[in-house]
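Welcome, and thanks for taking a look at this one. Please open the viewer alongside this briefing and follow the topics below in order.

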Amino acid sequence: MSTPNAQSTMTSAYVAQASIAFGVSLIGAGVGILYLPLDVWQRGFLGMSVLFLVTSSFTLAKVVRDRQESDSLRVRVDEARLEKLIAEHDPFKAA
């Protein structure tokens, strides 16, 4: 017996909400850094830190997604092997 593949579907509203939230948070951080009473080099350091945080977050999300896809593929291959073994098994075959 195979289990149904439970894949989540992304709607356009979900993608839009995630994109808008990302843009607002990045712009908010940038504006906040610009209005801080700091020297230029300190603002630059904070700006580079925010950019590094963003790129690290994207990388981490990709790694987690790739691991999840790899695990689900491995599970499907294992299920297919098990179903093949069950289909080929003949309990009445003389040993």
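This is a predicted model: local features need pLDDT of at least 70, side-chain atom pairs count only at pLDDT 80 or more; totals for chains, interfaces and linings use all residues.

**Overall surface**

- Of the 95 residues in the protein, buried ones make up 2%.
- The accessible surface comes to about 8600 Å² for the protein, and carbon and sulfur atoms account for 69% of that area.

- Helix 1 covers residues 12-35, while helix 2 covers residues 40-88.
- How do the axes of helix 1 and helix 2 cross, and within what distance do they come? The two axes come within 9 Å and cross at roughly 165 degrees.
- Angles over 145 degrees count as roughly antiparallel, and therefore helix 1 is roughly antiparallel to helix 2.
- As for handedness, the crossing of helix 1 and helix 2 is right-handed.
- Leucine 46 is part of helix 2. With a relative accessibility of 28%, leucine 46 counts as partly exposed, because that class lies between the 20% limit for buried and the 50% limit for exposed.

**A nonpolar patch**

- Which residues make the nonpolar surface patch of about 490 Å²? Phe22, Leu26, Met48, Leu51 and Phe58 do.
- Helix 1 and helix 2 are the elements that each give two or more residues to this patch.
- Helix 2 gives the most to the nonpolar patch, with 3 residues.
- Leucine 51, one of the patch residues, lies in helix 2. Its relative accessible area is 46%, so leucine 51 is partly exposed.

**Salt bridges**

- How many salt bridges does the structure hold? There are 2 salt bridges in the structure.
- In one of them, the side chains of aspartate 66 and lysine 62 meet, with an N to O distance of 2.7 Å.
- Why are aspartate 66 and lysine 62 separated by about one helical turn? They are separated that way because they sit 4 residues apart in helix 2.
- Aspartate 66 also forms a salt bridge with arginine 65 through their side chains, at 3.1 Å from N to O.
- Together, Lys62, Arg65 and Asp66 are linked in a network of salt bridges.

Methods: Residues are numbered from 1 along each chain as its sequence is written. Side-chain values use heavy atoms; hydrogens and water are left out. Buried means under 20% relative accessible area, exposed over 50%, partly exposed in between (1.4 Å probe, protein chains only). Accessible areas come from the Shrake-Rupley method with a 1.4 Å probe; for residues, only the protein chains shown count as cover. Patches are made of residues with over 30% relative accessible area and no salt bridge: like charges are joined within 9 Å, nonpolar side chains (Val, Leu, Ile, Met, Phe, Trp, Tyr) within 5 Å. A salt bridge is a side-chain nitrogen of Lys or Arg within 4 Å of a carboxyl oxygen of Asp or Glu. Axes are lines fitted to C-alpha atoms, for helices over the stretch in contact, and angles run from 0 to 180 degrees between N-to-C directions. Angles under 35 degrees count as roughly parallel, over 145 as roughly antiparallel, 65 to 115 as roughly perpendicular and the rest as oblique. A crossing is left-handed if the near helix is turned anticlockwise from the far one by less than a right angle, and right-handed if clockwise.
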